[in-house]
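Colleague: I am new to reading protein models. Could you walk me through one, feature by feature?

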Amino acid sequence: MNFVKEETTIESVREMFTAFLEQKKMRKTPERYAILEKIYFNDSHFDAETLFEDMQKEYRVSLATIYNTIDLLLDCSLIVKHPFVGKKAKYEKTFSKLVHHHLICTICGTVKEFSDKKMRNLIESKSFATFEPSHYSLYLYGVCAKCKGKKKN
Ligand SMILES: [Zn+2]
Ligand SMILES: [Zn+2]
């Protein structure tokens with residue numbers, strides 16, 4: 001079984017968002033789609049402020065619209081909010097090319113990504129009876145090399 005939709009395209013992501021907005025009877029504004037595309041053309045973790053700054057180069061949207069759209073995208077599961085350490089909430093697109101996991105430093109909040117084929121095969125070979133999984137990520141918490149170095153001094 002391979003439940004992770006790796007071939008999810010920007011078109012199918014747009015369609016999912018459209019279906020969601022229509023169902024909620026919300027307006028399909030170009031700003032909302034511009035934000036969605038910006039997120040999906042990027043491969044990194046982001047917070048609302050950096051996304052806002054990045055957007056300004058191409059498409060002027062207000063910070064309020066960014067926050068509002070992030071909420072909508074969370075609501076329809078097109079992005080996930082990471083349980084990272086730090087003041088700023090970090091988000092990431094749900095459907096990315098590579099299934100990956102996160103190493104999180106509990107001191108400085110730095111996040112490193114890794115992927116592992118064996119782990120992946122193990123998780124994806126599991127079946128869950130009536131439960132249908134769509135995506136997943138693992139979080140490993142610990143201390144990064146930089147913080148470990150500081151601790152010793
Ligand atoms: Zn650290
Ligand atoms: Zn990630």
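**Reading strands and helices**

Modeller: Start with a pair of strands. Strand S3 (residues 101–105) runs antiparallel to strand S4 (residues 111–114), and four bridges join the two. Keep in mind that this is a predicted model.

Colleague: How do strands of a sheet pair in general, and which residue of S4 stands opposite His-101?

Modeller: Strands pair through backbone hydrogen bonds, in a parallel or an antiparallel way. Here, the residue opposite His-101 is Phe-114 of S4.

Colleague: How many residues lie between S3 and S4?

Modeller: Five residues lie between them, and the two strands form a hairpin. Look at Gly-109 in the turn: its phi is positive, about 85 degrees.

Colleague: In which sense do S3 and S5 pair, parallel or antiparallel?

Modeller: Parallel. S3 and strand S5 (residues 139–142) share four bridges.

Colleague: Now the helices. What describes two packed helices?

Modeller: Two things: the angle between their axes and the distance between the axes. Take helix H3 (residues 48–56) and helix H4 (residues 63–75). Their axes are 10 Å apart, at an angle of about 125 degrees. H3 is therefore oblique to H4. The crossing is right-handed.

Colleague: Which residues make the contact?

Modeller: H3 supplies Ala-48, Leu-51 and Phe-52, while H4 supplies Leu-63, Ile-66, Tyr-67 and Ile-70. By class, seven residues of this contact are nonpolar, with no polar and no charged ones.

Colleague: How many helices and strands does the protein chain have?

Modeller: Six helices and five strands. From the N terminus, the elements follow the pattern α-α-α-α-β-β-β-β-α-β-α. The C-alpha trace spans about 55 × 40 × 20 Å along its principal axes.

Colleague: Where is confidence lowest, and where is it highest?

Modeller: Confidence is lowest in helix H6 (residues 145–152), with a mean of 84, and highest in H4, at 96. Across the protein chain, the average pLDDT is 87, and 92% of the residues score at least 70.

Note on methods: Residues are numbered from 1 along each chain as its sequence is written. Chains are lettered from A and ligands numbered from 1 in the order in which they are written. This is a predicted model: local features need pLDDT of at least 70, side-chain atom pairs count only at pLDDT 80 or more; totals for chains, interfaces and linings use all residues. Axes are lines fitted to C-alpha atoms, for helices over the stretch in contact, and angles run from 0 to 180 degrees between N-to-C directions. Angles under 35 degrees count as roughly parallel, over 145 as roughly antiparallel, 65 to 115 as roughly perpendicular and the rest as oblique. A crossing is left-handed if the near helix is turned anticlockwise from the far one by less than a right angle, and right-handed if clockwise. Two residues are in contact if their C-beta atoms, placed from the backbone, lie within 7 Å. Ala, Val, Leu, Ile, Met, Phe, Trp, Tyr, Cys and Pro count as nonpolar, Asp, Glu, Lys and Arg as charged, and the others, Gly among them, as polar. Two strands pair if DSSP finds at least two bridges between them. pLDDT is the predictor's confidence in each residue, from 0 to 100.
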